[in-house]
2 protein chains.
Amino acid sequence: MVKSESPPPAAGNHMTPDEFRRHGRQVIEWIARYMESVEEYPVRSPATPGQIRDALPAEPPEVGEGFEEILADVDRLILPGITHWQSPNFFAYFPSNNSGPSILGELLSAGLGVQGMLWSTSPACTEVETHVLDWLVAMLGLPDRFLSTSRGGGVLQDTASNAVLCALLAARERATGFQSNRAGAAGDLVVYTSEHAHSSIDKAMRIAGLGHQQLRKVASDAAFAMRPDALARQIEQDRRAGYKPCLVMATVGTTSSNAIDPVAEIGAVCEHEGAWLHVDAAMSGTAALCPELRWIQPGLELADSYTFNPHKWMFTNFDCNAFWVADRRELVRTLSVLPEYLRNAASDSGEVIDYRDWHVQLGRRFRALKLWFVIRHYGVEGLRRHVRQHVALAQEFAGWVQQSSQWELAAPAPLNLVCMRHVDGDEATRDRMERINRSGAAFLTHTRLADRFVLRVCIGQRATERRHVTRLWERLEE
Amino acid sequence: MVKSESPPPAAGNHMTPDEFRRHGRQVIEWIARYMESVEEYPVRSPATPGQIRDALPAEPPEVGEGFEEILADVDRLILPGITHWQSPNFFAYFPSNNSGPSILGELLSAGLGVQGMLWSTSPACTEVETHVLDWLVAMLGLPDRFLSTSRGGGVLQDTASNAVLCALLAARERATGFQSNRAGAAGDLVVYTSEHAHSSIDKAMRIAGLGHQQLRKVASDAAFAMRPDALARQIEQDRRAGYKPCLVMATVGTTSSNAIDPVAEIGAVCEHEGAWLHVDAAMSGTAALCPELRWIQPGLELADSYTFNPHKWMFTNFDCNAFWVADRRELVRTLSVLPEYLRNAASDSGEVIDYRDWHVQLGRRFRALKLWFVIRHYGVEGLRRHVRQHVALAQEFAGWVQQSSQWELAAPAPLNLVCMRHVDGDEATRDRMERINRSGAAFLTHTRLADRFVLRVCIGQRATERRHVTRLWERLEE
């Protein structure tokens, strides 16, 4: 271990409240300056593999170091290895927004340091979460069946990957008469989703022991949305072969192209077949804050579970996924294990929610605090205003693409994601993307649609204004 | 939605950097005061079911509110519903420590707002994590096979529940010749753990589709540690019945009583049987910072995976679980799914780690930052000093129990957890616990050992000093 030359006098002691005040203000100031300057950094980190590690000392420090030294190293050692998701020129993947109120909610949660595995281990952690998730049902115009005051209810998960896993586990249990937890996953259960669905369903199939060969990728239409007729036909074929439909995952806003599956028609098939309907609206669910965009919502009244990520487009820093079920008893029965050391009077009374039974993890932090801060800071009206601005910018951008002689749309642009390709072909598209990414002026990523290399421009970063979007378009047209 | 009477002038706008400075300092000050006063609150929240929710407005705010108002509501509405895990009088469950450097690391991570699913989405997020987990191998005296520079490597997960799930999935794949992901979980795989192991293994068995009827709870000895002879016998019996051993989970410090399973002997059985050995040292792994406590480590050189929680006893706020595997290829092969929209040059080169392939989730935040802050602030020497103090206090406490005419030890107290029962029987034990918990002076929880109701006193909270422990003992003797 490296010996420090001159250890600070109180090396290795706990930070006192006064030291915390001083260093806390330093970090707040650091972040405020980062907010002010984030636009100046190359958006995608130019670091090469191993570069960041090579600058770190090989051995851990034997003696504690001063906080100023650590914070200086963030500038010196960490920043060069940061891809700036909070840059207004970040148009890659999906946004992963933070915001002032969200950061401060996360800070307060870390400062309180509660662990909310049970209602009794911090009642506020559970009750604020239940309450805020009920608020979101109203804010997004979700069906009442997802309210905690009905038979359903919501929970915060870390990611949509865990949300779909939990949906799949509950669906697996329901489809086996609640036997798969005891006896293992049944070999006759089949799951359906579109060929454009997120990879998390593939991963969940593996994890849940169903096997990805039991996952059917249903054909999509010209707009890359799942075809309900193809779904019905595939189920019929599987039934004839002795399989049983377990779950169908519909997507409201696919990752590749923001395609909106026809949830109502898919839901009708699910209802007829007795299959669990899970709806993944990871980024696009936020759009439903705006009544005029609620055309994405029909059919949700047929869903057994629904999920979207406030940590994408709703200014709540990662991780924060919202997940609702229509019947909480199915979920809790699937995921509850009660050892003696967790028993307590409140749980035994049956009057409280213990969220540990709503997800894979046992422990959980006070995630709802930042979401509560965000909703209160912005108000529903404020959140709507920012979402509308992003959608309007994306629609304007899509119009430029349509009028361009160099570019063409590669998919419909229903909300805030524009998919485009260069008229000169895949290499030209890739070349433009690489050039912009290398320059650091913006960050874009790609997908494949209809076997073509496609550039994705997702407009949803908190600080993105019209000038960033026009500048991006100028670079693409150069 | 509730209409606010007088919205602030910029209601619903993004918080400016200057507003963030001002409100950030307010939250820092709030936390510093909380650190100074946490001892004064009743440790276990006295809230009754529904009390916190009932005080919250039924409708979300239509118009954004001022930050001071939100922060005032934390005092008014949230604090009464907090069970104070950071109180020095918290002796329940296991500790879930935060600390100044950890809170500030979490804050900085929220402020940077990066999403590290791929190396390329922020190289520093991946490389600092790999580096710090290699540091921990040295700090804890773990076998070199867990170093990233060997065939193994470490990753941060949220909880030990997800760590054991990932271990089980990789073990399931290995035991089936990497067929279970495709074809579903096999019905002949059996998993073994002690009857005192954590419930997360029961849950993982259900999730992974193996079924909990395939989990064998091996008998333990008088100190509640797994009996290797009983393990070998059970495996032999299962083999004769046509089953195949898949994984054995050994525990270094059980939740109930801190029992230390004989990992070396269990590992020898695993080696002979070709079973995956997973070692769960959730709280007690931290003890290995101290060379004189490394008697808990023998046998780890036989482990395929190992996990402990810096978020318990190592002053790093929840969530932060460290998980190592001896062969990272098995884990990555088990959990990797690569859709087109995540492809990038760095991943294709094979030169980088993409941690999304090391756990269930796709997205991940910069969790390593707080761990890096903690290790640098304390230094290895500082961390050791605090761990030694907790162990010394617990040993002193155990001595008092042994000399008491009212209380007796209910299990060996090898480290920082003391299990005790009242000589007048279970009702007396429960009565003393309830009385102290109701008083708010301290918070204790229970377990059952040898069919007796047992009080657990876990000494590991950051701010716990000798005076808190002596005061607890006085109350127990009252």
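Let me start with a definition: two strands pair if DSSP finds at least two bridges between them. Helices (H or I, at least four residues) and strands (E, at least two) are themselves DSSP runs, numbered from the N terminus. With that in hand, look at A:Glu408, which stands opposite A:Arg421 in S9(A). We will come back to that spot.

First, some ground rules. This is a predicted model, in which local features need pLDDT of at least 70 and side-chain atom pairs count only at pLDDT 80 or more, while totals for chains, interfaces and linings use all residues. Residues are numbered from 1 along each chain as its sequence is written, and chains are lettered from A and ligands numbered from 1 in the order in which they are written.

Now the overall picture. Chain A has 16 helices and 11 strands. Its C-alpha trace spans about 75 × 70 × 45 Å along the principal axes. A compact globule of 478 residues would have a radius of gyration near 23 Å, and the 24 Å of chain A agrees with that; the radius is taken over C-alpha atoms, and the globule rule is 2.2 Å times the number of residues to the power 0.38.

How much of chain A is buried? Of its 478 residues, 63% count as buried. Here, a residue is buried if 20 or more other C-beta atoms lie within 10 Å of its own, exposed if 12 or fewer, and partly exposed in between, with C-beta atoms placed from the backbone. As for contacts, two residues are in contact if their C-beta atoms, placed from the backbone, lie within 7 Å. Among contacts in chain A between residues at least 6 apart in sequence, 74% join residues at least 24 apart.

Let's move on to the sheets. One open sheet of chain A has 7 strands in the order S1-S7-S6-S5-S4-S2-S3, with mixed pairing. At its edges are strand S1 (153–157) and strand S3 (215–218) of chain A, each pairing on one side only. From one strand to the next, the twist averages 20°. For angles like this, axes are lines fitted to C-alpha atoms, for helices over the stretch in contact, and angles run from 0 to 180 degrees between N-to-C directions.

Inside that sheet, strand S4 (residues 244–251) and strand S5 (residues 276–280) of chain A pair in the parallel sense over 5 bridges. Helix H10 (residues 263–273) of chain A lies across S4 and S5 of chain A, at about 165° to S4(A). Helix H5 (residues 123–140) of chain A lies across S1 and strand S7 (321–325) of chain A, at about 110° to S1(A).

Back to where we began. Another open sheet of chain A has 4 strands in the order S8-S9-S11-S10, and its pairing is antiparallel. Its edge strands are strand S8 (407–409) and S10 of chain A, each pairing on one side only. S8(A) and strand S9 (residues 417–422) of chain A pair over 3 bridges in the antiparallel sense. Helix H15 (residues 426–439) of chain A packs on the sheet, touching S9, S10 and S11 of chain A.

Why do we call strand S10 (residues 445–449) of chain A largely enclosed by the rest of the structure? Because 4 of its 5 residues are buried. S10(A) and S11(A) form a hairpin with 2 residues between them, and A:Ala450 in the turn has a positive phi of about 50°.

At the end of helix H16 (residues 466–477) of chain A we find A:Glu477. A:Glu477 counts as exposed because it has 12 C-beta neighbours inside 10 Å. Not counting residues up to four places away in sequence, A:Glu477 touches A:Ser404 and A:Gln406.

Finally, the two chains. A rotation of 180° with 0.0 Å of shift along its axis superposes chain B on chain A, with an RMSD of 0.0 Å; the superposition is by least squares on the C-alpha atoms of residues with pLDDT of at least 70 in both copies. The two copies are thus related as by a two-fold rotation axis. The same surface serves both copies, as 100% of the contact residues of chain B recur in chain A.
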